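Work through the exercises below with the structure in view. Try each task before reading its solution.

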Amino acid sequence: MMASTGRSKVKHRDAPSTGSRSSSSQRPTRKARKPAWDDSVRDLSVYKSSKEELERRHLVHQSRNADIVRHELVPQGSRRSLPSSLLCTPLSSSQRDDLLNTLASSDRAFAAVK
């Protein structure tokens, strides 16, 4: 049997410890290398939103109250709309001349007011 000297082992600072704090004694793991950047790829259509996605986004960003407010803000007299047949009817030459004369006289009247 060996007699103990009463001294405990003293660790030196330079000596690698076997504890979990030491990472220098372990080999660092290597990361997988990324492939080199390929700048010849220009097809970005992969990232383009589909028509359904665009429509969904458009609907999501619309106000739910827009129709109600639009109806409330429009004066009662202008809610009556003209029949589409009147809007699409071409003018005869005499009607066109009358319209141009009326517009010219209204322009003169507004110019005098300014």
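Predicted model: local features only at pLDDT ≥ 70, side-chain atom pairs only at ≥ 80, totals over all residues.

Residues are numbered from 1 along each chain as its sequence is written, and side-chain values use heavy atoms, with hydrogens and water left out.

**Exercise 1. Elements and confidence**

Task: Count the helices and strands of the chain, and find where confidence is lowest and highest.

Solution. 
- Step 1. Count the elements. The chain has 4 helices and 0 strands (helices are DSSP runs of H or I of at least four residues, strands are runs of E of at least two, numbered from the N terminus).
- Step 2. Read the order. From the N terminus on, it is α-α-α-α.
- Step 3. Check the pLDDT (the predictor's confidence in each residue, from 0 to 100). The chain averages 77, and 66% of the residues score at least 70.
- Step 4. Compare elements. Confidence is lowest in helix α3 (residues 84-88), with a mean of 63, and highest in α1, at 93.

**Exercise 2. The salt-bridge network**

Task: Which residues are linked in a network of salt bridges?

Solution. 
- Step 1. Recall the idea. Side chains of opposite charge can pair when their charged atoms come close.
- Step 2. Apply the cut-off. A salt bridge puts a side-chain nitrogen of Lys or Arg within 4 Å of a carboxyl oxygen of Asp or Glu. The structure holds 3 of them.
- Step 3. Start from E53. Its side chain meets R56 at 2.8 Å, N to O. It also meets R57 at 3.4 Å, N to O.
- Step 4. Join the pairs. E53, R56 and R57 form a network.
- Step 5. Look at spacing. R56 and E53 are 3 residues apart in helix α1 (residues 51-60), so about one helical turn separates them. R57 and E53 are 4 residues apart in α1, again about one helical turn.
- Step 6. Check exposure (buried is under 20% relative accessible area, exposed over 50%, partly exposed in between, with a 1.4 Å probe and protein chains only). E53 is partly exposed at 26%. R56 is partly exposed at 45%. R57 is partly exposed at 39%.

**Exercise 3. The pair in helix α2**

Task: With which residue does D67 form a salt bridge?

Solution. 
- Step 1. Find the partner. D67 pairs with R70, their closest N and O atoms being 3.0 Å apart.
- Step 2. D67 and R70 lie 3 residues apart in helix α2 (residues 66-73), so about one helical turn separates them.
- Step 3. Check exposure. D67 is exposed, at 57% relative accessible area.

**Exercise 4. Burial across the chain**

Task: What share of the chain's residues counts as buried?

Solution. 
- Step 1. Take the length. The chain has 114 residues.
- Step 2. Apply the cut-off. Of these residues, 1% count as buried.
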